[in-house]
Amino acid sequence: MADGKSILVDVSRCTGCRGCQVACKQWNGLPGTRTKQTGTYQNPPDFSHQTFKVVRFEDGRTKEGKTYWHFFSDMCRHCMNPPCLAGAKGDEMIHDDATGAVVYTEGTSQSDFEMSLSVCPFNIPRQDPDTKVMRKCTMCFDRITSGLTPACVLSCPTGAMVFGERDAMLAEARRRVDILKKTWPKAQALNADDVRVIFIVTDDPLKYHKYAAGV
């Protein structure tokens, strides 16, 4: 499945506004969740069955003593060959042929959640503790199959997130990386051949999140 759709996330353009995070909640009808201060501006701290997208905030200092602040608009990567499907006991997990989106249904209450989570390189799936249904980003499957843009992409005010045909997004990723390397030699597109949600970073991926490039 080499064609279909892709989302490109250029973190060099992200301002950490969390508009995408809010848009995801709004479109999917997900409630706000009570959280605790963990010493960072990031909130909530991680994914849950009610939070499909988290803008991660990481800051620190380089070996030269320079301060850095990285934003990473984390979400399901919609893998080209999704390992999480190993947890399915039937057709409760859909890998759509036309778009490439990986969508979980209510039938995932019968799936092997621990299996799906353990094989996901990006630590994405979550389970509703009450219903046992597995939840995650759907790539706004309902929107894109109606010719619309994913809610998170539509909300981005800086153009950090773009959506389109996979070939076009791969070409755009290469173009942006070539430009960024002139200023940030470490710039790269993460896992571009293996995922449909492609992140461009300008620094060591581990400085954004431990699962940024997978494990």
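Alanine 173 touches Leu8, Ala189 and Ile200 in this predicted model, once neighbours within four places in sequence are set aside. The residue sits in helix α5, which covers residues 166-180. Is alanine 173 buried or exposed? Its relative accessibility is 3%, and the cut-off for buried is under 20%, so alanine 173 counts as buried. Aspartate 128 lies 45 residues away from alanine 173 along the chain. The C-alpha atoms of these two residues are 35 Å apart.

Now the sheet. It is open and has 4 strands, ordered β8-β1-β10-β9. The pairing is mixed. Which strands stand at the edges? They are β8 (161-165) and β9 (188-190). Each has a single partner strand, so one side of each lacks a neighbour in the sheet. On average, neighbouring strands here are turned by 25 degrees against each other, direction ignored.

Strand β10 spans residues 197-201 and runs antiparallel to β9. How many bridges join the two? There are 3. Leucine 190 has phenylalanine 199 of β10 as its bridge partner.

Helix α1 takes in residues 19-28. Its buried residues include Cys20, Gln21, Ala23, Cys24 and Lys25. An α-helix has 3.6 residues a turn, so residues three or four places apart point the same way. What covers the buried residues of α1? The cover includes strands β2 (54-61) and β3 (67-74). Helix α4 (151-155) is also among the covering elements, as is β8. After α1 comes glycine 29, with a positive phi near 65 degrees.

Definitions and conventions
Residues numbered from 1 in each chain as written. Predicted model: local features only at pLDDT ≥ 70, side-chain atom pairs only at ≥ 80, totals over all residues. Heavy atoms only, no water. Pairing = 2+ DSSP bridges. Axes fitted to C-alpha atoms, helices over the stretch in contact; angles between N-to-C directions. Buried < 20%, exposed > 50% of the residue type's maximum accessible area, 1.4 Å probe, protein only. Contact = heavy atoms within 4.5 Å.
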